[in-house]
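Here are my notes on the model you sent over.

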Amino acid sequence: MQNSFPLQKLQNIKTPFYYYDMELLERTLKQLREHSQQHGFVVHYAIKSNANLRVLEMIRSFGLGVDCVSGFEVQRALDAGFAPSGIVFAGVGKADWEIELGLDNDIACFNVESIPELEIINELAAKKGKHAHVALRINPNVNAKTHHYITTGLKENKFGINQWDLDKVVGVLKKLQHVSFEGIHFHIGSQITDLSSFKDLCVRVNEIQEWFIQQQLYPRVINVGGGLGIDYEDPDQHPIPDFENYFKVFKEGLTLRDDQEVHFELGRSITGQAGSLVTRVLYIKEGVKTKFAIVDGGMTELIRPALYQAYHKIENISSAAPEEKYDVVGPICESSDSFGKAVSLPKTSRGDLIVLRSAGAYGEVMASQYNLRSLPGSVYSDKL
Ligand SMILES: *Cc1c(COP(=O)(O)O)cnc(C)c1O
């Protein structure tokens, strides 16, 4: 099969590195904009999925806001030129300095995950003579039907406020002078490919917003989070997620009232397919059942296989010889540093480029320096 990677140009670049297909990112953002704007939906990009500055520049040019989960991410969003009025900030453990950073910059909203956090935000805002906009992150107890490590909306998860605590939260909220209630927030998990989970979410959101209105708290913003999955098995067949049907689920499922806005926080579905990790084969080593293809990138550059048993499609873009089976492994001193077992690849030799597809989300941002390695570089299709 002919692949679309510019082999001649890539082969002289020092590996391992991330390769970003900027044309695909742009086409993805165009689709996203078309299908969200059609319903008047607002999208915040989940910056934790990829915080690469060139990627952010492209995303910003499409007018998206940013969803942050740390003060460092808030700072990165500001540095990348996003307006504070488009920044929302979630996370179960916001430190005081992170809250202060948000307050000092007048960000759009804090998505609050507990009563003590709400009280601290109020206290810090009072000291600054400010008013914090807050949304309550509620745990809807909806099963996202995804890997348990990336499920966040079940009652046993640490995220959000559980429904049995809502009475108490509302009591506290009404007494606080330096926070104003913006709306309600949900995020049930990541890599969700079964849209029925989002339908279930809509049912819960409708019930919960009804309850808030009964308490005389009007949720102007309904933030349904992110989580739309991508096709890791066949990235060439499905390079762009089905945003049309995804947004349709919310259009049909949510009961909206006057002046309400629906917000989304998508990460993986925007950046996932646009990035690949490019590695080079160091050695072919005989194993017991199959051969090992030992490449120069590993879990330090792309941890998802080791962390969540995630699958990434693996391709040898240098060879077109008949296929053989290889265990593709990295150089790190951990047995979990393996990208795939018994992978069919064209006959592979030292020096070939091996590409891990669909690595644009939760790839480069999760890179570490374990074994004292250096962080991977990045290369862009439009700057080769
Ligand atoms: C991680 C996260 C997202 C984005 O999830 P994706 O699966 O990448 O779309 C959105 N909102 C919150 C609060 C998150 O923690």
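Which residues come nearest to the ligand? Keep in mind that this is a predicted model.

1. **Ligand shell.** There are 15 residues around the ligand, and the ones that come nearest are Lys48, Ser190, Glu265, Arg268 and Tyr362. Sorted by class, that shell has five charged, six polar and four nonpolar residues.

2. Ser190 has a side-chain N or O atom 2.3 Å from a ligand oxygen, and Glu265 puts a side-chain N or O atom 2.7 Å from a ligand nitrogen. As for burial, the ligand on its own would expose 390 Å², and the protein buries 95% of that.

3. Rolling a probe the size of a water molecule over the atoms shows where empty space is left. With a threshold of 30 Å³ or more, the count here is one cavity. The volume of the largest cavity is about 30 Å³.

4. **What lines it.** The lining of the largest cavity includes Leu24, Thr28, Ile230, Pro239 and Pro241, and also Arg268, Ser269 and Ile270. Gly272, Gln273 and Ala274 are on the lining list as well. Two elements give two or more residues each to this lining, namely α2 (22–37) and α10 (268–271). The largest share is that of α10, with three residues. By class the lining comes out as six nonpolar, four polar and one charged.

5. **Salt bridges.** Side chains of opposite charge can pair when their charged atoms come close. I get 15 salt bridges in the model. One to look at is Arg54 with Asp382, at 2.9 Å from N to O. This pair links distant parts of the chain, with the partners 328 residues apart: Arg54 belongs to helix α3 (residues 53–61), while Asp382 is in the segment after β16 (377–380).

6. **Backbone checks.** Most residues other than glycine have a negative phi, and most peptide bonds are trans. Two places are worth a look against that background. The Thr15 to Pro16 peptide bond is cis, with omega near -5°, and Pro16 is in the loop between α1 (7–10) and β1 (17–20). Asn141 is not a glycine, yet its phi is positive at about 55°. You'll find Asn141 in the loop that runs between β6 (132–137) and α7 (166–175).

Definitions and conventions:
Residues are numbered from 1 along each chain as its sequence is written. This is a predicted model: local features need pLDDT of at least 70, side-chain atom pairs count only at pLDDT 80 or more; totals for chains, interfaces and linings use all residues. Side-chain values use heavy atoms; hydrogens and water are left out. A residue is near a molecule or strand if one of its heavy atoms lies within 4 Å of it. A polar contact is a pair of N or O atoms within 3.5 Å; within protein, one must be able to donate a hydrogen and the other to accept it, and residues adjacent in sequence count only if both atoms are side-chain atoms. Accessible areas come from the Shrake-Rupley method with a 1.4 Å probe; for residues, only the protein chains shown count as cover. Ala, Val, Leu, Ile, Met, Phe, Trp, Tyr, Cys and Pro count as nonpolar, Asp, Glu, Lys and Arg as charged, and the others, Gly among them, as polar. On a 1 Å grid over the protein atoms alone, a cavity is a set of points where a 1.4 Å probe fits but cannot get out, and a pocket is an open set with protein on both sides within 12 Å along at least five of seven lines; lining residues have an atom within 4 Å of a point. Grid points are joined across faces, edges and corners, and a volume is the space filled by probe spheres set on the points. Helices (H or I, at least four residues) and strands (E, at least two) are DSSP runs, numbered from the N terminus. A salt bridge is a side-chain nitrogen of Lys or Arg within 4 Å of a carboxyl oxygen of Asp or Glu.
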